[in-house]
Amino acid sequence: MKITLKIWRQKNAENPGRLVTYERDGVSADMSFLEMLDVLNEDLTAKGEEPVAFDHDCREGICGSCGVVIDGVAHGPQRTTTCQLHMRSFADGDTITVEPWRADPFPVIKDLVVNRGAFDRIIAAGGFVSVNTGAAPEAHATPVPKVDADRAFEAAACIGCGACVAACPNASAMLFTAAKITHLGALPQGQPERAARVVSMLDQQDAEGFGGCTNIGECAAVCPAGVPLETISQLNFDLRRSMTPSRRH
Amino acid sequence: MAIATQDRKTRPAGRTSVGLKVVMATTGVLFLLFLLAHSYGNLKAFAGQAAYDGYAEHLRTLGEPILPRSGFLWIMGVVLIVSVVLHVWAAVVLWQRAHRARSTPYVAFKPVQATLSSRTMRWGGLTILLFVIFHLLQFTTGTIQVGGSFDSPYQRLVAAFQVWYVVLVYALAMLALGMHLRHGIWSAVQTLGWSTRSREVPIKRTALVVALVIVVGFLAPPVAILFGLVK
């Protein structure tokens, strides 16, 4: 395959970036997108040029490290992580534009690598349950209905890749925050802090500078973990309920 | 049990971005109820001048003698104006936040499933606001008069919509309104936390149907007048 790559190159957060064109020949359709970039980087290194910086770790689609916007879509044309995208999704002769996640709360570190520390701070604001230490509790002590467990697990599948923010026209982090709200809110262990959690996490999300949700649904449409849009409705429900004084815990 | 989250200093729930959206959703529901009533009233034009003017007069005497003449309309007007101010204020704040959240735009950005309606809420809303100001100047204050000056609301209506470009302006405004409602109704339900996975598609379909009903209801009298079906 012969392809033309237009890749965003940016030295650091301070310097402005630009698209640089690379012509690639002999690209195998069986290569993953990241392997294709690896080969590009080998050539660039051999020529004494700076290789393209991009985030990656497990390359199995489960860690959430990788993620770039390919031809205007977060993680590219398949609904999966960038590492699980293969070159067979493209045609011979294609021109492919590769950009980093674009959101001010995710500043560019270099080229395609962005700092997603804002997500960590949202989780630190309330995305956990406070439990007393000690021996593991007896497994049957707190029964969880199957439907609740399934719903919690589906939301907990979020890998924190940030595609939701990248795809959102408002650069909102609602799907990420809502996934954690839904995950913990569906389980008995999450109930004591439920009302405080939603306000706290949402407040942190706003403070990080993410936009507000306008229910367009692009986030759930690109989410490689399949977190559903209904989690955002759950977050909205929990927030509205937390405004009612009698329901505050 | 120590609850770490409660030790944090956070703003009240109503001040978060979702709090602002709850304001928009609640005021949006008021607008929707008003539009349904307004659209119903307009259809009286098909029942003739006596029915239409009688309805207009009834709106002024509604609630008498507890309320003064036009009291009901005044109360409704104040509620709606306060709602518009809140709706626009929340929209502007959220618009600014969204703008600041992505100061460097994408070179290539391709929506996967977004409807045109969902992506034009802000400019569409602004279009509707400008139209409402024009509409009030035309039919409430009478500052803008098309086709002459009449005491009868029915005659004012018929004279105005015999002019083709007035109908065109209204048709374009109703297109903007229909698109705003199509996404707005769904968005309000989701924002108030009433959507679930199984309800999502029915809510979106209902929103589309309600938007169509309102647009058709509003456009029927002007189009009928333009083609001489109502004189």
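A residue here is buried if 20 or more other C-beta atoms lie within 10 Å of its own, exposed if 12 or fewer, and partly exposed in between, with C-beta atoms placed from the backbone. This is a predicted model, where local features need pLDDT of at least 70, side-chain atom pairs count only at pLDDT 80 or more, and totals for chains, interfaces and linings use all residues. Residues are numbered from 1 along each chain as its sequence is written, while chains are lettered from A and ligands numbered from 1 in the order in which they are written.

**View 1. Chain A on its own.** Of its 249 residues, 48% count as buried. The C-alpha trace spans about 65 × 35 × 35 Å along its principal axes. Chain A has eight helices and seven strands (DSSP runs numbered from the N terminus: helices are H or I with at least four residues, strands are E with at least two). Look at contacts (C-beta atoms, placed from the backbone, within 7 Å) with a separation of 6 or more, and 71% of those in chain A come from residues 24 or more positions apart.

**View 2. The two domains of chain A.** Domain 1 covers 3-109 and domain 2 covers 116-247, with bounds from an automatic or database domain assignment. Their C-alpha centres sit 29 Å apart. Where they touch, 18 residues of domain 1 meet 16 residues of domain 2. The domain 1 side of that contact splits into nine nonpolar, six polar and three charged residues (nonpolar: Ala, Val, Leu, Ile, Met, Phe, Trp, Tyr, Cys and Pro; charged: Asp, Glu, Lys and Arg; polar: the others, Gly among them).

**View 3. Where chain A meets chain B.** Chain A puts 50 residues into this contact and chain B puts in 47. On the chain A side, β5 (95-99), α6 (194-208), α7 (218-222) and α8 (230-242) each supply at least two residues. The most come from α8(A), with nine. By class, the chain A side has 22 nonpolar, 17 polar and 11 charged residues.

**View 4. Zooming in on α8(A).** This helix has 13 residues and reaches 18 Å from first C-alpha to last, close to the 18 Å expected at 1.5 Å a residue (the expected span is 1.5 Å times one less than the number of residues). Since 12 of its 13 residues are buried, α8(A) is largely enclosed by the rest of the structure. Among the buried ones are A:Ile232, A:Leu235, A:Phe237 and A:Arg240. The buried residues of α8(A) pack against α3 (146-156), α5 (174-185) and α6 of chain A, together with α1 (17-42), α7 (164-191) and α8 (197-226) of chain B.

Methods. Two residues are in contact if their C-beta atoms, placed from the backbone, lie within 7 Å.
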